[in-house]
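Reader: I am new to this structure and would like to go through it step by step. Please show it first.

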Amino acid sequence: MTFYSATQSDSHEGPTVPPFGALDTLSPVSKHVPAFVGIIGGGTLGVLVIWLLVVLTCKLKANVPPGGTSESAFILNPDQIRTEPQRDHAVTLDSDALLCSVCENLDFYRIFLDGIPETEEVPLDSLSSILQKSYQCNFCRLISFHVRRTWMLDKFPDVDLSGIQCRLFSMSCGCLRGPFYPPPKFRCYRLHVNMEGLSEFWETYPASRVTAGSLTIYLMQEDAFKFGRPTDLHSRRVKNTVDIDLVKKWIKLCQENHGDECHNVWRMDNGEDKNLPKYVRLVDVVSMALVPASSGCRYVALSYVWGAVSTEYRTTTDNIAERSTPGGLNTATFPETITDSILFTRQLGLRYLWIDAICIIQNCSQDKITQIQSMDLVYGLSYLTIMAAGGASARDPLPGCRPRTRTLTQHIEVVQGLHLCVGPPRLHEALALSVWNTRCWTYQESALSRRRIYFTEQQVYFECRGDVFCEDIVAESKGLQLSSSFIRIPRGEYFPQADPFGTYMGAVNQCTRRNLTVESDVVDALTGVTNALAIGFRLGDPARVFYCGMILTDLHRALLWQHNPHTPRARRLLPKGSSLPLPSWTWAAWRGAVDYTSEHRYLGIVNGSGEPSVVETFVDSWYIVDHSGTTVQLDVRRVSRVVSMPMTEEEKSAYSPPSGILDPTELILDIHRPLAPGTLIFRTTSSHFNIMRRGSEENDESSACLHHGLFNILSTSCPPIWVGTAVLPLDPTPPPSLEFIVLSRTATLGVCDEQSLRKYHECVLYVMAVSQNEGLMQRVGLGVIHEVSWNASRPEEKIVFLR
């Protein structure tokens, strides 16, 4: 199949010249006529040349109009309907003059009709050449516009792009009408410009990794009729302000098509109350007053970044009474994010809005605690949540809510009669560049909401549990089963996942990578998620299921968190008025990113995929000192190992943990010194091993700064044998010998000397490296050790007081 144009620039014929002597047969009216005609003809030719120059100049100027939208020719009538694919050759010939020699030989009509497989991608040119040709070629200008805007080349004018080659292929956009409609008629393609050499470019310019990438080019909806196709999944023009009727249509499609998936809060069933507690306040955008949440009321919630803004607009004990009367909310003091949210709620025809700074009394600790404990309800029951992802603080407007609050980034060019555009990024790309997505509080606000409307700098997006819509792509459909759309890209933030620990693990990984103005808020910022997990999976009372962010029902796995290797090991600052640090065994006690990863972390420090696997738990009974100072037994799920029948020799000689509940006298470390809240108490075995830092090559360490590394756990025999691996902090340098306590059994390979230690099924144990001070232990790191070596070390049975 060929995608190159059959029309060549040198194939035209010149004007026909009459044969010599033919002019003699004309009637000789006057000998002066030829001279007169020559004068007239010369004048006409001059006027024609001047006219052509004027037209050409106007066309070139029309290519770069204000507002970010560029077109090289007139807009075709989108209302025209053609039953068979046709090409508008008049426009094609007109626009061919503005293509470079490479692009003019491509048949773009055929490309959008039949597609180009990635295996048959077409070479274009080097990126540097394309940027140079952008002033004379419409298609090169599309690529150039995207690269200059998203790669921020204006800030780095001397960047070297010579090693990047561009290649073109197409990707299917999907089909909104299901998979059984005739493919040629309902198939829609988008062009993908692949950038070869980006890896080397990223290595040279690491900061470009976030912004520098390939690009996608779309066919505008007004040209769909040329292919005999509907406008499904074609690009449409983004307006200066968001189309409220379009947003209402998105909400209506969600209501009509998604049933319980979006109608009901995931955590609410079996007749549970689906109303907000009456102590929750809402903004009445009609009476402009704070009112108690009424039964069954339909309201909008707001998720935004506070930023460094004056506190004048917040509700306090001094103004709560005034704000609770009609007209008591004076918007003159409100920042633009707040006022635009009120305006948008009114435009949707809704009456109530929840805003944390307005609906929670900010200088009342008791009110804040009560309201924070209800975040799962506030966001889970909202009819729609506004995500203000286009600003860095509450001062910024909602882009597109009002005129002149956003700059359009959609760029359109006419190429061979087809309107092509480089549009705004997809939702996950837009959020990756937003300040909103870096804030810890916004994770649960998004995860718990059933319908989300994102205001970004580029455009407005709608996302629910069943679909994704946006302003620049025609993706509205009846939600037919098996229909597909390329903009339905899951962001990995859907809540909940299949099991409670998987959902919990994902939330911790996300939240610890985000920023907090007050770093001690980390547990509060996850309270909505933990409440929803406890109730949704029927784990019990959230206050008993979670402690300092740790899920106690799965404690044997929850303890297996790891510091991200690039994160320094440093304690979080304490909350105001608190003198007691959080326990060392909870991730919430430490700053920075936390990973729940598989045992592959012990093969390479930067490995971070999967989740920890526990095939057998060793602790029989767990106890904790609660906030009141009372020691209570925990309800922790046990995992039993499946053994062979008959048992293998290894299974017969397997590690046998101590069992049984603890006597009340064993729960006391020192009768003269009560245990601090958060102290974990359990019975296990303990042993000491020497450790040695692993070499950088075996450690898979890059030149990046690492704050945690792999250490070999060594036997006490002579010569010592490598019996396990631990991940430990590098600063301060750990002592040459550490105490380890055993937690559970796992299954992995390559974490010890398998030539000296025979490997067999599930022969590895999880151990925690600890330090000890006056009988209290603290977590230092985590590791794995071969079972035979643990048994050979003659471990000592011990009651652990871990804090």
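Author: Two residues are in contact when heavy atoms of theirs lie within 4.5 Å. The model shown is predicted.

Reader: With that cut-off, which residues does Ser744 touch, not counting residues up to four places away in sequence?
Author: Ser744 sits in strand 27. At 1% relative accessibility Ser744 counts as buried, because buried means under 20%. Leaving out residues up to four places away in sequence, Ser744 touches Val614, Glu616, Thr617, Phe618, Leu765 and Tyr766.

Reader: How many helices and strands are in the protein chain?
Author: The protein chain has 803 residues, of which 52% count as buried. Among its contacts between residues at least 6 apart in sequence, 73% join residues at least 24 apart. The protein chain holds 23 helices and 30 strands.

Reader: What is the relative accessibility of Thr385?
Author: Thr385 belongs to strand 10, residues 384-388. Not counting residues up to four places away in sequence, Thr385 touches Ala301, Ser303, Tyr379, Glu445, Ser449, Arg451, Arg452 and Ile453. Thr385 counts as buried because its relative accessibility is 0%.

Reader: Which residues have the most contacts inside the largest nonpolar core?
Author: In soluble globular proteins, nonpolar side chains tend to be buried together. Here the largest nonpolar core has 84 residues, and helix 8 gives the most to this core, with seven residues. The residues with the most contacts inside the core are Phe344, Trp354 and Ile453.

Reader: Which residues does Ile453 touch, not counting residues up to four places away in sequence?
Author: Ile453 is one of the residues with the most contacts inside the largest nonpolar core. With residues up to four places away in sequence left out, Ile453 touches Val247, Trp250, Phe344, Leu384, Thr385, Ile386, Met387, Val460, Tyr461 and Phe462.

Reader: Is helix 18 mostly covered or mostly uncovered, and what does it pack against?
Author: Eight of the 10 residues of helix 18 are buried, and the helix is mostly covered. The buried residues are Thr527, Gly528, Val529, Thr530, Asn531, Ala532, Leu533 and Ala534. These buried residues pack against helix 13, helix 14, helix 16, helix 17, helix 19 and strand 17.

Reader: Where is Leu233, and what is its phi?
Author: Leu233 is in the loop between strand 5 and helix 8. Leu233 is buried, with a relative accessible area of 2%. Although Leu233 is not a glycine, its phi is positive, about 60°.

Reader: What is the omega of the cis peptide bond between Asp731 and Pro732?
Author: Pro732 lies in the loop between strand 26 and strand 27. Most peptide bonds are trans. The bond that joins Asp731 and Pro732 is cis, with an omega of about 5°.

Reader: How many residues of helix 5 are buried?
Author: Helix 5 covers residues 138-150 and reaches 19 Å from its first C-alpha to its last, close to the 18 Å expected. Just after helix 5, Met152 has a positive phi of about 55°. The buried residues of helix 5 include Phe139, Leu142, Ile143 and Thr150. Helix 5 is largely enclosed by the rest of the structure because its buried residues number 10 of 13.

Reader: Which element gives the most to the lining of the second largest pocket?
Author: The second largest pocket has a volume of about 1,100 Å³, and of the 43 residues that line the pocket, the closest to its centre are Thr150, Pro425, Glu429, Ala430 and Leu433. By class, the lining has 19 nonpolar, 17 polar and seven charged residues. Helix 5, strand 4, strand 5 and helix 15 each supply at least two residues. The most, five residues, comes from helix 15.

Technical notes: Residues numbered from 1 in each chain as written. Predicted model: local features only at pLDDT ≥ 70, side-chain atom pairs only at ≥ 80, totals over all residues. Heavy atoms only, no water. Helix = DSSP H or I, 4+ residues; strand = E, 2+ residues; numbered from the N terminus. Expected span 1.5 Å × (residues − 1). Buried < 20%, exposed > 50% of the residue type's maximum accessible area, 1.4 Å probe, protein only. Core = buried A, V, L, I, M, F, W, Y, C linked by side-chain atoms within 4.5 Å. 1 Å grid on protein atoms, 1.4 Å probe; cavity = no way out; pocket = protein on both sides within 12 Å on 5 of 7 lines; lining within 4 Å. Points joined across faces, edges and corners; volume = space filled by probe spheres on them. Nonpolar A, V, L, I, M, F, W, Y, C, P; charged D, E, K, R; others polar.
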